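Please look over the sequence and the structure shown here before reading the notes on overall fold and aromatic contacts.

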Amino acid sequence: MRLTEFWKRMNAHFGAVYADSFARDHVMTELGGRTVHQALDAGWEAKDVWRAVCSAVDVPASQR
């Protein structure tokens, strides 16, 4: 998954404004105690970060 697709999905699920806020502020155990931005900056694959987000906030299967 490309980062553009990742952010497109984040924006579709959370809304454009809240997606960035969530990505900066929400520390996720699924990401080893990192935020989305920290995980991506640490080299995590966008698809793995998206899967973690889906798991953490119960994204509907139709949006995964």
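The briefing below treats the overall fold and then the aromatic pairs.

This is a predicted model, in which local features need pLDDT of at least 70 and side-chain atom pairs count only at pLDDT 80 or more, whereas totals for chains, interfaces and linings use all residues. Residues are numbered from 1 along each chain as its sequence is written, and side-chain values use heavy atoms, with hydrogens and water left out.

**Overall fold**

- The protein chain has four helices and zero strands, where helices (H or I, at least four residues) and strands (E, at least two) are DSSP runs numbered from the N terminus.
- Of the 64 residues in the protein chain, 31% are buried, a term that stands for under 20% relative accessible area with a 1.4 Å probe, counting protein chains only.
- The C-alpha atoms fill a box of roughly 25 × 20 × 20 Å along the principal axes.

**Aromatic pairs**

- The structure holds five aromatic pairs, counted for rings of Phe, Tyr and Trp (its six-membered ring) with centres within 6.5 Å, and called stacked with planes under 30 degrees apart, edge-to-face over 60 and tilted for the rest.
- Phe 6 and Trp 50 form an edge-to-face pair, because their ring centres are 6.2 Å apart and their planes stand at 85 degrees.
- This pair links distant parts of the chain, with Phe 6 in helix α1 (residues 3–14) and Trp 50 in helix α4 (residues 46–57), 44 residues apart, and both Phe 6 and Trp 50 are buried.
- The rings of Phe 14 and Phe 22 have centres 4.5 Å apart and planes at 20 degrees, so this pair is stacked.
- Phe 14 counts as buried at 17% relative accessibility, and Phe 22 is buried with a relative accessible area of 4%.
- One aromatic cluster is formed by Phe 6, Trp 7 and Trp 50.

Terms used. Buried means under 20% relative accessible area, exposed over 50%, partly exposed in between (1.4 Å probe, protein chains only).
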